[in-house]
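Let's take a walk through this one together. Have the sequence and the 3D view open, and we'll go from a single residue out to the whole fold and back again.

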Amino acid sequence: ADVYASTRVEARVLAWVGPRLPLAVPTWQIHAPNIIAYPRIVGTPAVTVTASGPQWHIVDPAAPSPVFLDSFACMLAALQAIPPAAEIPTTTIPEVRRELADVMLATREALRPSAALWSRWQRWLADDALWPEHVALVHGDLHPGHMLLAADGRLVGVLDWTEACFADPSIDLAMFFGCFGRAALAELLPRFAAAGGRTWPGLLAHAAERWAAFPALSAA
């Protein structure tokens, strides 16, 4: 029952973002307590998990193609341009920072981060110059397994909108940093800005620091 309750939020997210994005998202035609069903979206997952580990498809994680970067930038700019909706969870940047501080404290004993890493997390939380002043709609779990690609590398679909919310706009970029690296993110950001995405001077460093804190976020 609790899982079904959470899917009601995802259903509202999909109905809100679907018409506003330049790619496909699930269109739930059946949404019941025991089943959710939608037409299969065309495209190949960028990565699948096999018994021997992750298996990449079409995109090279060490050198993402310009076609992939352009389509990802356009998708992300369109996503972050979507206006707020009352039915989608929203948090402020001060709230995000407080929640992160709480998460780090709650997981510190279990994770036992080094003194250097702990200090890095705290510097990031305290550094106003890195943090944005605005929130935006984020997917929240935009890893390659949720990306569907065309044969030429274009991003044509995005799955699993369970974590979508209005929050720190770097969340999806931090995941991109973790999956594709700093150089790829540096290539992506000018494309994101050209597509209408809102940036700020500390964005790249902020995304990198958010990724560095990912162990605490995952452990929470």
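Is Asp-128 buried or exposed? Asp-128 is exposed, with a relative accessible area of 57%; the classes used here are buried for under 20% relative accessible area, exposed for over 50%, and partly exposed in between, with a 1.4 Å probe and protein chains only. Before going on, a word on provenance: this is a predicted model, so local features need pLDDT of at least 70 and side-chain atom pairs count only at pLDDT 80 or more, while totals for chains, interfaces and linings use all residues. Residues are numbered from 1 along each chain as its sequence is written, and side-chain values use heavy atoms, with hydrogens and water left out.

Now the overall picture. The protein has 8 helices and 9 strands, where helices (H or I, at least four residues) and strands (E, at least two) are DSSP runs numbered from the N terminus. The radius of gyration is 18 Å, close to the 17 Å that the globule rule gives for 220 residues, so the protein is as compact as a globular protein of that length. For that comparison, the radius is taken over C-alpha atoms, and the rule is 2.2 Å times the number of residues to the power 0.38. Along the principal axes, the C-alpha atoms fill a box of roughly 50 × 40 × 40 Å. Of the 220 residues, 45% are buried. The protein exposes about 10900 Å², and carbon and sulfur atoms supply 57% of that area; the areas come from the Shrake-Rupley method with a 1.4 Å probe, and for residues only the protein chains shown count as cover. Take the contacts (heavy atoms within 4.5 Å) with a separation of 6 or more: residues 24 or more positions apart account for 73% of them.

On to the strands. Three of them build an open sheet in the order S3-S7-S8, with antiparallel pairing; two strands pair if DSSP finds at least two bridges between them. The edges are S3 (44–45) and S8 (155–158), each pairing on one side only. S3 is joined to S7 (residues 147–149) by 2 bridges, and Thr-44 has Leu-149 as its bridge partner in S7. Elsewhere, S4 (residues 47–50) and S5 (residues 53–56) pair in the antiparallel sense over 4 bridges. These two form a hairpin with 2 residues between them, and Val-47 finds its bridge partner in Trp-56 of S5.

Follow the chain past S5 and you get to Asp-60, in the loop between S5 and H2. Asp-60 is partly exposed, at a relative accessible area of 39%. Its side chain reaches the backbone nitrogen of Ala-62 at 3.0 Å. The C-alpha atoms of Asp-60 and Phe-180 are separated by 8.7 Å, although the two residues are 120 residues apart along the chain.

The next loop to visit lies between helix H2 (66–80) and helix H3 (93–111), and holds Thr-91. Thr-91 counts as buried, at 13% relative accessibility. Leaving out residues up to four places away in sequence, Thr-91 touches Val-96, Glu-99, Val-135, Phe-166 and Ala-167. Its side chain also makes a polar contact with the side chain of Glu-95, at 2.9 Å. A polar contact here is a pair of N or O atoms within 3.5 Å; within protein, one must be able to donate a hydrogen and the other to accept it, and residues adjacent in sequence count only if both atoms are side-chain atoms.

That leaves the charged pairs. A search of the whole structure finds 5 salt bridges, each a side-chain nitrogen of Lys or Arg within 4 Å of a carboxyl oxygen of Asp or Glu. Asp-128 lies in the loop between helix H4 (115–126) and strand S6 (136–138) and Arg-97 in helix H3, so the pair ties together parts that are 31 residues apart in sequence.

What about Arg-210 and Asp-168? They form a salt bridge too, with the closest N and O atoms 3.0 Å apart. This pair links distant parts of the chain, 42 residues apart: Arg-210 sits in helix H7 (residues 203–212), and Asp-168 in the loop between strand S9 (165–167) and helix H5 (171–180). Arg-210 is buried at 7% relative accessible area, and Asp-168 is buried at 0%.
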